[in-house]
Amino acid sequence: MDHFGFAQGEMYVEGLRVSEIAEAVGTPFYCYSTETLVRHYKVFSDAFAQNDFLLCYAVKANTNQAVIKTLADQGAGADVVSEGEMRRALLAGVSPEKIVYSGVAKTEGEMAFALGQGILQFNVESEPELEQLSRIATSLGKVAAIAFRINPDVDARTHAKISTGKAENKFGVPWTRAREIYARAAKLPGIKVQGVDLHIGSQLTELAPFEEAFHRIGQLIEDLRADGHEISVLDLGGGLGIPYEQAGEQPPLPLDYAEMVKRVVGHLGCKIVIEPGRLLVGNAGILVSKVIYVKEGENRKFLILDAAMNDLIRPSMYDAYHEIVPVVESDAAPEPYDIVGPVCETGDTFARGRDIAPLKGGDLVAMRSAGAYGAVMASTYNTRPLVPEVLVNGAEYAIIRPRPSYDDIIGLDQIPAWLKE
Ligand SMILES: Cc1ncc(COP(=O)(O)O)c(C=O)c1O
Ligand SMILES: N[C@@H](CCCC[NH3+])C(=O)O
């Protein structure tokens, strides 16, 4: 259960009415629940309590400083994929020895920055990246602790655009060549081999692909140890899915995931790192929007919202399902609507033929499960300002990212001198 419930016919986030926040902040806005964030962190930390374990929150899912800090205060480390994300994690109070640095192509500058911080581990994704890291570390007089991200060639059975563990995907080094690549790394200056890493995809709704990949990686660790490498860290990545469509999806619970991890790789005695993103923040957020107009088309009814694809791109990009609920309940029988935004693209559609109680201009709706890959993937397309983000904690809330002014986004400095004359 999340902390976005109904009481007296109105939606609440923890102790606050959504309509009250909407009145104060204006729509659209993202709204997150502190209690949900904390509870999700605890579910994982309790599930792995008996183990040498570190949860590195994949900050890409929601990089708001307040969200990172809420999780860091619980003890979370961070999985980052850029210097920007690393800076965010450090500023939010994540200590460097709890940071793992993933990403397909870290640049020279990014490597130098990370080496200067003394992070837990670089998850290296190719041989050219390894060689570059060795050069930079040596020139700075540092040693980079590394794992290779292994591509186990396992089908995560998720959306093709977020599946990362098949041989045809750009991620990681092929598991079939891993021993040879580790042997090369062991000889390079400035490199300390310490771990193995993988991440096979996002929004996985079954345990079986994880299990298959972890078996493969467990075997690899035994082979690498036989080759003389000291492997002490096993980073299993993120990827556990959440139920977007209450009726249709039953993704595995973190507890069952943890049991499987212990059964499959527990005997190896490694420090277990996991990098969940979506599961921590996805159901901790909603996108609140207002109906601008209800439009009767030739043969469809459109509910046109003030939120659009630029604010939440998941439905347009992955045909993703987000539950959409009126913020004030009504007894009226639901009717099918196409729920769309005002952007000039047909793809600016949140749902087609969705049954929802009839609404009128000015009514509020909440798009659920919008805490992950929502605000972070937003753009200002159609010169629409990024929407504010709000964090609720009990009976209080704070605006954790304000609505920018038009001056902020129009870029008054975009005119070069020759156009000004
Ligand atoms: C390397 C890495 N780790 C962790 C994650 C987090 O994934 P999820 O949000 O599915 O848990 C991702 C994104 O899929 C990723 O690319
Ligand atoms: N952006 C994707 C998830 C990508 C995961 C990134 N490694 C989504 O919204 O589902």
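## Helix α4 and its two faces

In this predicted model, the face of α4 turned away from its buried side carries Gly 84 and Leu 91, both exposed, where exposed means that 12 or fewer other C-beta atoms, placed from the backbone, lie within 10 Å of the residue's own, buried that 20 or more do, and partly exposed anything in between. Helix α4 spans residues 83–91, and its buried residues are Glu 85, Met 86 and Ala 89. Seen down the helix axis, these buried residues fall within an arc of 100°, so they line one face of α4; the arc is that of the directions from the helix axis to the C-beta atoms. Helices (H or I, at least four residues) and strands (E, at least two) are DSSP runs numbered from the N terminus.

The cover over the buried residues of α4 includes α3 (65–74), β6 (77–80), β7 (99–101) and α5 (108–117), with contact taken as C-beta atoms, placed from the backbone, within 7 Å. Just after the helix, Gly 93 takes a positive phi of about 100°.

## The sheet β1-β2-β3

Three strands make an open sheet in the order β1-β2-β3, with antiparallel pairing. Here β1 (6–7) and β3 (16–17) stand at the edges with a single partner strand each, so one side of each is left without a neighbour in the sheet. Two strands count as paired if DSSP finds at least two bridges between them.

Two bridges join β1 to β2 (residues 10–13), and Glu 10 is the bridge partner of Ala 7. These strands form a hairpin with two residues between them, and Gln 8 in its turn has a positive phi of about 45°. Two bridges likewise connect β2 and β3 in the antiparallel sense, with Val 13 opposite Leu 16; in the turn of this second hairpin, Glu 14 has a positive phi of about 50°.

## Ligand 1 and the annotated residue

Ligand 1 is surrounded by 16 residues, the closest being Ala 58, Ser 202, Gly 238, Gly 277 and Arg 278; a residue is near if its C-beta atom, placed from the backbone, lies within 6 Å. The shell divides into five nonpolar, eight polar and three charged residues, with Ala, Val, Leu, Ile, Met, Phe, Trp, Tyr, Cys and Pro counted as nonpolar, Asp, Glu, Lys and Arg as charged, and the others, Gly among them, as polar.

An unreviewed UniProt entry places the feature "active site" at Cys 344; UniProt positions follow the numbering used here, feature names are shortened, and annotations may be inferred rather than shown by experiment. Cys 344 is found in the loop between β17 (335–340) and β18 (349–356) and is exposed, with 9 other C-beta atoms within 10 Å.

## Basis of the model

Residues are numbered from 1 along each chain as its sequence is written, while chains are lettered from A and ligands numbered from 1 in the order in which they are written. As this is a predicted model, local features need pLDDT of at least 70 and side-chain atom pairs count only at pLDDT 80 or more, whereas totals for chains, interfaces and linings use all residues.

Notes
Two residues are in contact if their C-beta atoms, placed from the backbone, lie within 7 Å.
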